[in-house]
Amino acid sequence: MLVLLFGVLVILSLSTSGGRGGGPVWHGACMAACVCLSRWGHEQVGLACVMAVGLAGLLGLLGVQMLHIPAGERERSGLRLAGGLACIAVLAQVIMQGPQVGMTARLMGMTGLAATLCGVWGACIARGPVALCAGLACGLDGVMLLAARVDDRLVMAEVIVVAIGLNILLAACPRSHGGKA
Amino acid sequence: MLPLYASLLGGWMVLVLTALLVTGGTLALRGLLAVLLLILCGAGSAHFPDMARIMTGCGPALALCVWVFMQRPAQATAPRGAGVLPFFLSGIAALAIAFGRCDLLGVFLGCGLVARLGLAIGPRGLDRDGWQVLRMGLGGLLVAQGGLFVLQAGWGHMQDQAAAILLVGGLLLACGVPGRPGPVVAPGWNMEILAVLPVVARAADVWPVLLPVLTFMGCVCLSWAVLSRLGRSFPGDYWTGWAVLAAGLPDGVMGGLPLAACLLVMACVTPSGGRLSGSMLWPPSLPGMAAVLVLVGEMGEMPPVALLAGASLWPVMAERTGAGHGVASWAQAALLMAIGCMVLASAAYYQMGGGSW
């Protein structure tokens with residue numbers, strides 16, 4: 001049952017993260033759900049959940065902005081690769097049976113790290129501003145996961161600020177021929 | 001002590017922003033502000049027990065002084081914000097060194113990144129260089145933050161090594177070291193690396209796994225500098241590689257002296273005037289001095305090798321006077337000479353005093 005659920009998750013990620021603007025929303029929603037569930041499991045629902053949901057909202061705004069800027073096929077493939085790799089990392093961690101104590105925390109850490117690396121890698125091979133911002137948003141998701149794991153308020157606030165900055169930068173990007181810069 | 005120093009630095013930065021943006025910044029005012037920062041840094045790091053750390057703490061202020069006094073008249077036509085940027089960056093770097101915490105580096109480097117992006121933004125959004133700066137800076141900071149989290153989690157030796165690679169590589173990428181686009185070097189290029197390397201070298205006391213990683217990344221930087229720019233060599237790239245190598249030395253007999261020497265020379269390399277030709281690559285010249293100092297750090301054989309290092313400074317003087325661009329080149333050569341002599345004197349004093357200060 002669990003494997004089936006994760007299979008559906010991976011298929012959803014692979015199919016949606018290549019779309020125009022769907023990827024950041026999907027990743028942000030996954031991240032916020034993960035943070036909230038983990039906090040709820042520890043019965044420490046508080047500021048971290050609010051920050052995670054706020055980051056998901058900001059990334060959703062980023063995705064809405066991306067809808068208005070045309071993106072090339074190459075950039076979509078980069079985005080798809082980043083999302084798929086992050087989910088494959090999750091699957092590998094679930095299948096690999098480790099010590100049960102702290103398994104969830106370690107899983108969360110590994111996923112955050114994988115999301116950060118894949119996002120930054122996607123941003124490094126990207127050509128246009130849209131793919132660059134999407135890759136960096138994926139990396140922000142990963143850093144938020146890691147920060148929520150150790151309950152680091154400073155880094156969470158930084159991530160929120162950076163997401164706002166990305167929104168501003170993408171809003172200043174010209175609408176007519178973005179993606180060719 | 002630290003809150004007072006930090007608030008003084010913050011006050012200095014506010015003063016600089018107002019003064020330079022309001023008056024436009026004559027040379028006298030810029031020089032006064034730079035010297036003021038140098039005095040502040042010197043006073044703030046005077047409580048360190050050894051000379052090397054005091055020199056390291058003054059690195060950003062020294063780089064600012066060199067940039068202000070070596071400025072060519074052609075650069076005076078640049079937009080007004082570009083002239084303020086090195087002041088801002090050096091103030092941030094001094095703050096980062098003063099706090100000396102790896103987890104605050106993200107905040108300080110992020111402030112510098114915002115300043116650079118604010119200059120690169122135009123009527124049509126970011127220009128091409130601006131997107132490149134965003135890609136390298138923010139990507140590097142994200143990777144470094146991820147590596148730092150894993151390093152703090154302490155999952156095991158293997159994971160710590162991977163995290164150390166991520167941390168050092170991400171920080172270097174955020175400083176724009178191994179992938180600077182093109183031969184054009186922006187003003188204030190060395191402020192971030194001057195701030196990052198001392199903090200990382202101090203963090204290596206807590207996590208010793210950082211030391212081999214720093215050595216490895218130093219070799220990577222050196223080989224990148226040699227392989228990618230054979231025709232148009234920029235000495236700062238080689239010096240960065242040497243400084244990263246020196247930061248990876250174990251904290252032995254020399255203290256932080258090799259790192260301090262490399263950072264001081266990095267502070268003196270200016271983008272416009274520092275283009276020495278191939279002689280910078282060979283051991284008798286300045287990188288040779290760093291190599292010799294590193295060797296000294298390894299072996300503990302001080303005086304003869306220190307004399308050798310002093311002699312190695314001579315070709316730079318000769319090349320400077322031969323190039324003959326008037327007062328500026330003379331001043332730069334004299335500055336290099338003075339700094340070399342300072343390094344050597346402190347090395348000798350350190351040797352005679354047995355490392356007592």
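Which residues does Leu59(A) touch, not counting residues up to four places away in sequence? They are Pro24(A), Gly28(A), Ala137(A) and Asp141(A), where a contact means heavy atoms within 4.5 Å. The model is predicted: local features need pLDDT of at least 70, side-chain atom pairs count only at pLDDT 80 or more, and totals for chains, interfaces and linings use all residues. Residues are numbered from 1 along each chain as its sequence is written, chains are lettered from A and ligands numbered from 1 in the order in which they are written, and side-chain values use heavy atoms, with hydrogens and water left out.

View 1. Buried means under 20% relative accessible area, exposed over 50% and partly exposed in between, with a 1.4 Å probe and protein chains only. Leu166(A) lies 107 residues from Leu59(A) along the chain, and their C-alpha atoms are separated by 9.1 Å.

**View 2. Chain A as a whole, with seven helices and zero strands.** The order of elements from the N terminus is α-α-α-α-α-α-α. Of the 181 residues in chain A, 49% are buried. Among the contacts in chain A with a separation of 6 or more, 75% are between residues 24 or more positions apart. The accessible surface is about 8,300 Å², and carbon and sulfur atoms hold 73% of it. Accessible areas come from the Shrake-Rupley method with a 1.4 Å probe; for residues, only the protein chains shown count as cover.

**View 3. Packing of H6(A) against H7(B).** Helix H6 (residues 129–150) of chain A meets H7(B) at an angle of about 20 degrees, with the axes 10 Å apart. The axes are lines fitted to C-alpha atoms, for helices over the stretch in contact, and angles run from 0 to 180 degrees between N-to-C directions. The two helices, H6(A) and H7(B), are therefore roughly parallel to each other; angles under 35 degrees count as roughly parallel, over 145 as roughly antiparallel, 65 to 115 as roughly perpendicular and the rest as oblique. Residues making the contact include Leu132(A), Leu136(A), Leu140(A) and Val143(A) of H6(A), and Trp131(B), Leu138(B), Leu142(B) and Phe149(B) of H7(B).

**View 4. Helix H7 of chain B, residues 128–153.** H7(B) has 26 residues and reaches 38 Å from its first C-alpha to its last, close to the 38 Å expected at 1.5 Å a residue. The expected span is 1.5 Å times one less than the number of residues. In H7(B), 20 of the 26 residues are buried. Gly154(B) follows H7(B) and has a positive phi, near 65 degrees.

**View 5. Cys268(B) in helix H12 of chain B.** H12(B) spans residues 257–268, and its twelve residues reach 17 Å from first C-alpha to last, close to the 16 Å expected. Twelve of its twelve residues are buried. Cys268(B) is buried, with a relative accessible area of 3%. Asn190(B) is 78 residues from Cys268(B) in sequence, and the two are 9.6 Å apart, C-alpha to C-alpha.

Terms used: Helices (H or I, at least four residues) and strands (E, at least two) are DSSP runs, numbered from the N terminus.
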